[in-house]
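Welcome! Take a moment to look over the model below, and then we will walk through it together, one feature at a time.

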Amino acid sequence: MIYLVSDTHFYHKNIIEYCHRPFKHIGEMNQTLISNWNSVVCPDDEVFHLGDFTMAHFVEGKWESYKQAYIRTCRELLAQLNGHKTLILGNHDAKARVSRECGWEAVEKQMVLDGFLLTHRPCEPTGYLANIHGHVHDKLPFYRREQEGIYFNISVDKTGFSPVSLAYLQEIIEANEAGPQLLE
């Protein structure tokens, strides 16, 4: 199966307040995100993370540069998450060269997958089935049909803090071909 997810923001303490996430602290948020991911994604599945994966986590008493801490944090998290993982760079991710050192199987700025345009920020989907994106967290609905095309906001804030399958997004498009609808 193919899964997509965005804006996990592991170790980002302030995201809990900014997006009104229902967690008391980053430890609870991180564990929920890992558990939810592994409850739907199997080891052989493909996962496309559409950006803003983690912040660097500094270990008390250990000196590291931000780059070293970021790479270590990513590697530790990726080792706990099922699937073959590709990163679409977000505005909070390290540059491509550093992100490639983290253990992602691939790192891209954007890509096309089965006719879907995968980006971090919303992007006009002209010529594609839809734009699957993140970045906006809870500010835009999960599904929207606009004049220029269809958009899926797969920020974890809109997906129950869990990856969603590409098959599910394809089903939504098929079910809504009759006319515009809004899903939360």
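Where is the place of H135? H135 sits in the loop between strand 7 and strand 8. Helices (H or I, at least four residues) and strands (E, at least two) are DSSP runs, numbered from the N terminus.

## Before we start

This is a predicted model, in which local features need pLDDT of at least 70 and side-chain atom pairs count only at pLDDT 80 or more, while totals for chains, interfaces and linings use all residues. Residues are numbered from 1 along each chain as its sequence is written, and side-chain values use heavy atoms, with hydrogens and water left out.

Most residues other than glycine have a negative phi. H135 has a phi near 75°, a positive value in a residue other than glycine. With 23% relative accessibility, H135 counts as partly exposed. Here buried means under 20% relative accessible area, exposed means over 50%, and partly exposed is in between (1.4 Å probe, protein chains only).

D114 also has a positive phi, near 50°. You will find D114 in the loop between strand 5 and strand 6.

Next, follow the open sheet whose 5 strands come in the order 5-6-7-9-8, with mixed pairing. Two strands pair if DSSP finds at least two bridges between them. Strand 5 (111-113) and strand 8 (143-146) stand at the edges with a single partner strand each, so one side of each has no neighbour in the sheet. On average, neighbouring strands of this sheet are turned by 25° against each other, direction ignored. Inside the sheet, strand 6 (residues 116-118) and strand 7 (residues 130-133) pair in the parallel sense over 3 bridges. L117 has N131 in strand 7 as its bridge partner.

Helix 5 lies across strand 5, strand 6, strand 7, strand 8 and strand 9, and runs at about 140° to strand 9. Axes are lines fitted to C-alpha atoms, for helices over the stretch in contact (heavy atoms within 4.5 Å), and angles run from 0 to 180 degrees between N-to-C directions. In helix 5 (residues 166-175), L166, L169, I172 and I173 are buried. Looking down the axis of helix 5, its buried residues fall within an arc of 115°, so they line one face of the helix; the arc is that of the directions from the helix axis to the C-beta atoms. On the other side of helix 5, E174 and A175 are exposed.

Strand 1 and strand 2 (residues 46-49) pair in the parallel sense over 4 bridges. Y3 has V47 in strand 2 as its bridge partner.

## The nonpolar cores

Which residues touch the most other members of the largest nonpolar core? They are F10, F53, Y70 and W104, in a core of 32 residues. A nonpolar core is a set of buried Ala, Val, Leu, Ile, Met, Phe, Trp, Tyr and Cys residues joined through side-chain atoms within 4.5 Å. Strand 1 (2-5), helix 1, helix 2, helix 3 (66-80) and helix 4 (96-100) each supply at least two residues of this core. Helix 3 gives the most, with 6 residues.

Not counting residues up to four places away in sequence, W104 touches H49, F53, L78, K85, T86, L87 and S99.

## Salt bridges

Side chains of opposite charge can pair when their charged atoms come close. A salt bridge is a side-chain nitrogen of Lys or Arg within 4 Å of a carboxyl oxygen of Asp or Glu, and by this rule the count comes to 7 salt bridges. In one of them, D157 pairs with R21, and the closest N and O atoms are 2.7 Å apart. This pair links distant parts of the chain, 136 residues apart: D157 is in the loop between strand 9 (149-153) and strand 10 (164-165), and R21 is in the loop between helix 1 (13-18) and helix 2 (26-40). Both D157 and R21 are buried.

E146 and R144 also meet in a salt bridge, at 3.1 Å from N to O. E146 is partly exposed, at 36%, whereas R144 counts as buried, at 7%. Elsewhere, salt bridges that share partners join E64, R72 and E76 into one network.
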